[in-house]
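This report describes one protein model in plain terms. Please look over the sequence and the structure before reading on.

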Amino acid sequence: MTMDKTHRMLFYMLLCSFFLYPIVCMAGNAEAAGSWQLQIPIAVESDTDAFEFHSADFNGDGCSDLFAIKKKDTGTKRTEVHVLDGKNRFQGFLLQTGTVLGPSDGVFSFAVGDYNRDGALDLYAIKMKDTDSNRTEIHVLDGKTGFRTFLLHAAVPIELSYDIFHFELGDYNADGYPDLFAIKMRKTDSNRTEIHILDGKSNFQKFLLQMPSCLENSYGIFSFALGDYDRDGKIDIYAIKRNHTDSKSTEIHILNGSSNYRNFLLHSRTNLEEAHDNFAFLVNDYNLDGTDDFYAIKIRGTASHRTEVYVLGGVRRKSGPPVLGTLI
Ligand SMILES: [Ca+2]
Ligand SMILES: [Ca+2]
Ligand SMILES: [Ca+2]
Ligand SMILES: [Ca+2]
């Protein structure tokens with residue numbers, strides 16, 4: 001074989017791989033994307049840890065909207081609330097506003113719920129460190145005034161919680177008052193992840209539950225979200241195993257509300273690679289079919305150079321709730 005022929009062959013091989021590569025990649029992606037019912041860039045910048053995301057119906061149209069709470073580097077120099085319209089696949093804002101709260105990065109965690117039950121969603125700002133009370137505090141910002149005034153300032157019976165607890169809001173005892181789920185991820189006596197729930201009706205002064213769960217210590221490996229996976233009226237806890245998984249994918253493990261989180265309802269893997277700080281996870285009923293969907297918000301390293309929303313729907317079975325991902 002002459003050098004010329006060798007070069008020509010190499011050239012054709014390169015040419016083939018150049019044309020074949022995108023076809024193979026696209027086929028791979030198409031298969032992987034099979035069960036994602038939505039994959040879409042949104043008008044939120046990426047590659048920043050300034051945002052915290054929550055899912056709730058802001059305008060009462062039945063579709064869950066996306067709250068992007070900007071905690072630092074804001075134009076207003078305040079913590080900002082940006083709400084993206086769920087009815088329009090999160091393309092377009094229902095609200096963009098500065099709040100009464102200053103920059104909150106690294107100190108506050110947030111939740112969304114209707115504290116005073118006036119029909120307007122309020123913003124719960126949970127102060128996890130640097131508090132005057134030396135305890136964790138809850139400050140509730142009034143949705144009715146565009147988050148410009150406070151409805152509550154309260155210290156709660158939980159020690160300083162930064163990097164130890166994860167907070168979510170849900171009505172544990174179904175009395176109409178949202179309760180605070182304080183998920184203790186590490187430094188527990190039980191060496192398990194513990195579930196502490198503070199009663200919304202008592203302004204978060206009384207515990208409704210304090211219990212070790214069936215989950216090991218979860219700090220740095222798991223993310224959390226609330227939903228009612230099996231639709232039995234008891235709030236379940238979605239423990240999303242981002243990394244260190246056997247399946248090498250992001251996994252969903254659901255703790256059963258009706259056993260007070262002492263057994264699992266589901267173990268599944270998703271077609272998402274292991275995640276680190278590049279994804280945030282939420283749970284809500286995106287397509288309004290009465291079952292929970294799983295949201296993966298890609299905040300870093302996106303092709304679009306914007307934040308992207310992925311929604312994974314459940315696959316229905318003959319009996320039992322739909323499976324999110326693939327059973328393991
Ligand atoms: Ca809505
Ligand atoms: Ca309200
Ligand atoms: Ca309650
Ligand atoms: Ca349940």
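## The model and its confidence

This is a predicted model, in which local features need pLDDT of at least 70 and side-chain atom pairs count only at pLDDT 80 or more, while totals for chains, interfaces and linings use all residues. Residues are numbered from 1 along each chain as its sequence is written, and chains are lettered from A and ligands numbered from 1 in the order in which they are written.

The score called pLDDT is the predictor's confidence in each residue, from 0 to 100. Its average over the protein is 91, and 90% of the residues score at least 70. Over residues 15–34 the pLDDT is below 50, and this stretch has two contacts in the model beyond near neighbours in sequence. Two residues are in contact if their C-beta atoms, placed from the backbone, lie within 7 Å.

## Overall make-up

The protein has one helix and 21 strands. Both are DSSP runs numbered from the N terminus: helices are H or I with at least four residues, and strands are E with at least two. Of the 328 residues, 39% count as buried. A residue is buried if 20 or more other C-beta atoms lie within 10 Å of its own, exposed if 12 or fewer, and partly exposed in between, with C-beta atoms placed from the backbone. Among contacts with a separation of 6 or more, 43% are between residues 24 or more positions apart.

## Two open sheets

Two strands pair if DSSP finds at least two bridges between them. One open sheet has four strands in the order β1-β20-β19-β18, with antiparallel pairing. Its edge strands are β1 (36–45) and β18 (279–284), and each of them pairs on one side only. Neighbouring strands of this sheet are turned by 20° against each other on average, direction ignored. The axes behind such angles are lines fitted to C-alpha atoms, for helices over the stretch in contact, and the angles run from 0 to 180 degrees between N-to-C directions.

Another open sheet of four strands has the order β6-β7-β8-β9, and its pairing is also antiparallel. Here β6 and β9 (150–155) stand at the edges with a single partner strand each, so one side of each has no neighbour in the sheet. The twist from one strand to the next averages 15°.

| Strand pair | Bridges | Facing residues |
|---|---|---|
| β18 and β19 | six bridges | N284 and D293 |
| β10 and β11 | six bridges | L169 and L180 |
| β7 and β8 | five bridges | L123 and L141 |

## A covered strand and the core

How many residues of strand β10 (residues 165–170) are buried? Six of its six residues are, and the strand is mostly covered. In a regular strand the side chains alternate between the two faces of the sheet. In β10, F165, F167 and L169 point one way and H166, E168 and G170 the other way, and all are buried.

A nonpolar core is a set of buried Ala, Val, Leu, Ile, Met, Phe, Trp, Tyr and Cys residues joined through C-beta atoms within 7 Å. The largest one has 77 residues, of which Y124, I126, Y238 and Y295 touch the most other members. Strand β18 gives the largest share of this core, five residues. Leaving aside neighbours within four places in sequence, Y124 is in contact with F110, A111, G113, I138, V140 and L169.

## Residues in loops

L121 lies in the loop between β6 (108–113) and β7 (122–127). Why does L121 count as buried? L121 is buried because 23 other C-beta atoms lie within 10 Å. Beyond four places in sequence, L121 is in contact with A56, F58, V112, G113, D114 and G143. The C-alpha atoms of L121 and G143 are separated by 5.3 Å, although the two residues are 22 residues apart along the chain.

D130 is in the loop between β7 and β8 (137–141). With 12 C-beta neighbours inside 10 Å, D130 counts as exposed. Its phi is near 55°, a positive value in a residue other than glycine.

N191 lies in the loop between β11 and β12 (192–198). N191 is exposed because it has 11 other C-beta atoms within 10 Å. N191 is not a glycine, yet its phi is positive at about 60°.
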